Structures are given as C-alpha cells and as structure tokens.
Amino acid sequence: MDGPRLLLAKTESPPRAVATRDAYGDALAQLGAEDPDIVVLDADLAKSTKTIKFAERFPERFFEVGIAEQNLMGIAAGLALAGKKPFVSTFAVFGTGRAFEPLRNSIAYPALNVKICLSHAGVTVGEDGGSHQTVEDIALMRSLPNLTVVVPADAVETAQAVRAIHAHHGPVYLRMGRPSVPVIFDAEGYRFRLGRATVLREGRDVALMACGIMVSQALAAAERLAAEGIEALVLNVSTVKPLDEETVCAAAARTGAVVTCEEHSVIGGLGSAVAEVLGERRPTPMERVGIKDVFGESGTWKDLLKARGLTPDDIVSAARRVLRRKAD
Amino acid sequence: MSYPPDLIKRLQTHAYTIRRHSLIMTTRAASGHPSSSLSMAEIMAALYFHELRVDPRCPDWPERDRFVLSKGHGCPAQFAALAERGFFDRRELLTLRQLGSFLQGHPDLKTPGVEAATGSLGNGISIAVGMALAGKLDRRPWRVYTVIGDGECQEGMVWEAAMAAAHFRLDNLCALLDFNGLETDGPVREIMNPEPLDDKFRAFGWHVVEVDGHDLVQILDALAEARRTAGRPTMIIAHTVKGKGVSFMEHELDWHGKPASPEQLRQALAELDAWAAAAGLEPPPPLDGEA
C-alpha cells in the first residue's frame, strides 16, 4: 500500500518539532494574500494563537475584539453574513466553552461559513492547569449539527487543513495545541483530505485510530508492538466529524481489534465516535486511550501526558488488553 | 422635522396592520409573544416602510441595508412587516411556528428578508456589529439596524457588543431599544435593573436619543439623526408599552409568551379597529383565519 511517507523515526532523529498553532499562523498569513475575503478575529490571544502573523501582514482585515469570546463569535457571524470568510481564534476552552451558545446559535445553527480555529486544546497546555485545559471540546463541537471537526496531527497536516477548510463552505472547528510536537508528515508526500482518514501504517493484528498529538504516540506504540511481533495498523482520523466510517470499519474488519487514542476525554470524542459507528456497523473489541473523565492539572505537558495515560506505553497496554479479548 | 401628513398616516396604518397580523398569527399558532410584538409595531413600520433600503424582489441585493431583530421573540411583528413589504405572501403568516414553515418561532435564515438567526438574547446586536464592521471594511454606504429589548440588556453579551461598536466607530450601526419595562418573570426594574440605560450606552460611547416609541414622527427624527451622526453608533431608546393597542394586554405581565384565545382575539381586533377608525386609518389588508 502507498501510504504517505513518514518522517518520524525514519529520516530525522530526533524528529523536527513544530507547534500546530505556529503552522496555523503561517498558513493563515499565506492564505490571506490569496483571498481578500478572509478576515481574522482574536480575543486578546493573537500572540498565542499565532493570528498575529496574519495581523502583521493584513492589519485592516484583522479584528481584535478584546477579552469577549461571545462577541467574538457574534461578530464573526455578522461578517460571514456580509460575505466575509472569518477565521476566529482564541484558546479552545474559551471558544468552545464560554462562547458555546453564540457559536451554536449564531454560527452552527444557520451553517455560516466561519472557521473556528482554536489553540491550547487538551492537557498539553501544561502549566496553566485544569482551568485552561479542554478535555471536552471535541465532544461539544461534535454534537453540533452542521459543524465539521478537524484535529490535525502535526504542523504539516495543520497547514494543509487550513487550506482545505477554507475551500469548504460551512462552519468548521479546527483543534490545535500549544507545544511543539513531532512533524510526522513529509509536506511533499502527504495530502490531507477533509473527511478522510488515512492509513499511516499497515497491520493486521490491531488498529490504532488516533487524532492530534496522539497520532505520533500511536506510531511510536506501533514500533514497540512490532518488536513484540504484533502488527499494528495506524489510522490518522484527523477529521473527527464527519467520521470516515468506511475507512474505520475497513480497518476494524482487517484487524478485529481497535484502540482509539486521543488527547481528550474518553466521553464524547474520537473514541466515542468510533464506538458509535462500530457498535452499529461492525461490533469489534475496542479500548479507548484518552482522559478518563477527569480534568487536567498543572505540570509540564510531557508529565501530563504520562499522568493522564496518553503515552505510547499506555497505547501498547491497551493494545495488549484488546488483543486478549479478540482471542477470547 | 416635518413630514408629509400622508406619510405618517401611511406608517400608522402599517403599524396597525402589523399589530393585527401579530395577534392573528400568534393565536393561530397558539403560541408566541404577541405583547412583545405590539410594543414594536411603530418601530417596524418606520424601518420597513421608510428607513430601510431593501428590495423585496431581490432580498440579497448586496447594497441593501441590514436589519437584525436581536429581541427575536418579537418576530411576529417583523414577519408581518416583511409580508406587507412584499418579501412573501401574507397568507404565509398563518403558518407561523408550524412544522415545515419558513416562519420559525424565532428569526431564521429560512425566511425571505431575515438577515440572521436570532432569538437567544444578546446574539443579534453582536451579529449586527459584525455586519457593520464588514460594511466599513468594504467602505459601502449601506447601514445596519437592530432592535434590542430592555430585559435583553441584562445579557453581558449586549455590553460586549456595545463596547465593540463604539470602539470600531460604527456610525453605520443604529440600534433601537424597545423599552417596554417587562420581561418574563416580572418588571425589568425588579428582576435585575439595567437602568439607567441612556447613561450606560452614552458611557459606552454611543450617541443616545430618547423617543416615544409609538410616535412615528419622533422615531423618524431619531433615525435621521442617527444617519447624520458620525464616528459612533446610535442607540434610540424607544419608550414603549408592552401590549400596546390592546387594553387587556397593555402593561400586563401575563401576556409575555402567551397568545390571545380566539375570543380574546376578537376583542383585541375590535379594539384596534375602533382605534384605527377614530384615527381615520385605512382598513388593513385582511388575513385569512381571523377569528
């Protein structure tokens, strides 16, 4: 099978690390030069979400609304209704939480062409602690009709996703993180397709289905499993909604055992989405690696991944558990 | 300013028609907010039949003025105005709130002439700010209008939007505050007093005008003043009577979110008709389904 070429642990050691929010800022600034209808809004976090890069190049099309996330969504809706293509950014906890209702009623309900591109999602926010770490944003956004949910795995996929969601007419949630994370895709070899999951590694024993930062963790887990003679298929499910049901079911059918991997609560995120589809279409033993219905806390992001059970070792353990059930 | 007498009479007739339609629609729907619609009938008449540059044959005309009903529960009055302005057949008004109708319980993009989905209070004024910002960005002459409620001013989002409108110097934005004094659970002042609203909006950087919200000359004057005001948005505080025109609804708390029964509707229409006849207004276009 012709999968995308992988950089991780293949050509660079250690792999290059770039934050997805940095890739977003660069991609948005580039796109701004190509489409004069793009406007960008931020709520006093432009330096963190990296919309500052757009703001510096196109100050007249950048709107700072201050620390007012509800108004951020409302103004974006008004701009979209007047024909603009707004990209709005703030931290995920504020954009999906504080502003949930205006996002729901003013953007998702009328299906407006607003791109909600939020950074600092998940526990990898790190030291700021549990108040700033979303464990529930994918669940909230996935439950809204009309909304597409994209969780890119690395900087390369983020840059491509920004272009893809710009080309797609309708509301989209793009979830990004704070820390620099491994670049796993070759910009020349990989092609992000909205709504399509991608097989990154073939295997017949167990399917590791991951999104976001957990894709690189799943690839590392697959290496360790290979050392034990277990062939793990790795699926990058970067579009969480609409879920690529065909590819998910095919991977489940090929392996007969599934582990989902996400930096998000096991309630309502990727694990839930996969379980919903498999439960109806192809019941398959599965395990969910994710945050076990608890909030985050302060710490380094790497320590938090360990503390919340989001490491390659945790994925390997889950794979072993599900393989035992597959054998039963 | 002086206006041709026939203009004021024509607008009064439209307000009268908007009141009749709103009552009939909500009774037919057996739900909705008739008294919140009655308080803003003159405002709707002034906007849709004098102020707004819109074209019912081309609702998407790019150079049109935009209107956003932020107090979305008053939409029967807006829908009545849209129908009378020619955006759709007035018989459609009788489908309000029914399954499959393009006239939803709160404003929705399905309706010809409706510019934004609103109804969750606070959202509409924020959307209007975004529209006005787009107009400024493109240096277009079209204007944005919105109607908010006094109870709605308890929403923090209203003040986020108010701050932004002044900050961005949106003199192409004109809001009207339907100050009828009542909300669902009681008098606005008793529930959570947002007053003084004039001073608050002034402090937020708006040009503020106060009018009798049932006096069309005052409303037209204020709208003209808003158009002349440069560098900041205008808030027209319109003092109104909730349930205006129907004796048993005026100032009455119980009529928020409750339609008239068929018997009450007959009485209400008779009162409106008697008032209109005394004022020498033309009979309104009939709406099937009158009690």
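The points below describe chains A and B of a predicted model.

1. Fold content of chain A. Chain A holds 13 helices and 14 strands. Its radius of gyration is 19 Å, close to the 20 Å that the globule rule gives for 328 residues, so chain A is as compact as a globular protein of that length. The C-alpha trace of chain A spans about 60 × 40 × 40 Å along its principal axes.

2. Burial and contacts in chain A. Of the 328 residues in chain A, 63% are buried. Among the contacts in chain A with a separation of 6 or more, 80% are between residues 24 or more positions apart.

3. Charges of chain A. There are 38 positive and 41 negative side chains in chain A. The centres of these two sets lie 3 Å apart.

4. Domains of chain A. Two domains are assigned in chain A: domain 1 takes in 5-12 + 190-327, and domain 2 covers 17-182. The contact between the domains takes 38 residues from domain 1 of chain A and 37 residues from domain 2 of chain A. Their C-alpha centres lie 25 Å apart.

5. Backbone of chain A. Two places in the loops of chain A deserve a look. Most residues other than glycine have a negative phi, and most peptide bonds are trans. The peptide bond from A:Lys241 to A:Pro242 is cis, with omega near -5 degrees. A:Pro242 sits in the loop between β12 (239-241) and α10 (245-255) of chain A. A:Asn146 has a positive phi, near 75 degrees. This residue belongs to the loop between α7 (137-142) and β6 (148-150) of chain A. A:Asn146 counts as partly exposed because its relative accessibility is 43%, which falls between the cut-offs of 20% and 50%.

6. Fold content of chain B. Chain B has 10 helices and seven strands. The radius of gyration of chain B is 18 Å, close to the 19 Å that the globule rule gives for 291 residues, so chain B too is as compact as a globular protein of its length. Along its principal axes the C-alpha trace of chain B spans about 50 × 45 × 45 Å.

7. Buried residues make up 61% of the 291 residues of chain B. Residues 24 or more positions apart account for 76% of the contacts in chain B that have a separation of 6 or more. The accessible surface of chain B is about 11000 Å², and 50% of that belongs to carbon and sulfur atoms. Chain B carries 30 positive and 39 negative charges, with mean positions 5 Å apart.

8. B:Thr26 is in helix α1 (residues 5-29) of chain B. Its relative accessible area is 0%, so B:Thr26 is buried under the 20% cut-off. Leaving aside residues up to four places away in sequence, B:Thr26 touches B:Ser31, B:Gly32, B:His33, B:Pro34, B:Pro76, B:Leu96 and B:Pro259. B:Ala30 is found in the loop between α1 and α2 (34-38) of chain B. The phi of B:Ala30 is positive, near 60 degrees. B:Ala30 is exposed, because its relative accessible area of 58% is over the 50% cut-off.

9. Helix α4 of chain B. B:Gln78 lies in helix α4 (residues 75-85) of chain B. At 1% relative accessibility, B:Gln78 is under the 20% cut-off and therefore counts as buried. Residues up to four places away in sequence are again not counted, and the contacts of B:Gln78 are then B:Met44, B:Tyr48, B:Phe67, B:Leu69, B:Pro107 and B:Val114.

10. Cis bond in chain B. B:Glu195 and B:Pro196 are joined by a cis peptide bond, with omega about 0 degrees. The place of B:Pro196 is the loop between α7 (188-192) and α8 (197-203) of chain B.

How values were computed: Residues are numbered from 1 along each chain as its sequence is written. Chains are lettered from A and ligands numbered from 1 in the order in which they are written. This is a predicted model: local features need pLDDT of at least 70, side-chain atom pairs count only at pLDDT 80 or more; totals for chains, interfaces and linings use all residues. Side-chain values use heavy atoms; hydrogens and water are left out. Helices (H or I, at least four residues) and strands (E, at least two) are DSSP runs, numbered from the N terminus. The radius of gyration is taken over C-alpha atoms; the globule rule is 2.2 Å times the number of residues to the power 0.38. Buried means under 20% relative accessible area, exposed over 50%, partly exposed in between (1.4 Å probe, protein chains only). Contact means heavy atoms within 4.5 Å. Lys and Arg count as positive and Asp and Glu as negative; His and the chain ends are not counted. The place of a charge is taken as NZ of Lys, CZ of Arg, CG of Asp or CD of Glu. Domain bounds come from an automatic or database domain assignment. Accessible areas come from the Shrake-Rupley method with a 1.4 Å probe; for residues, only the protein chains shown count as cover.
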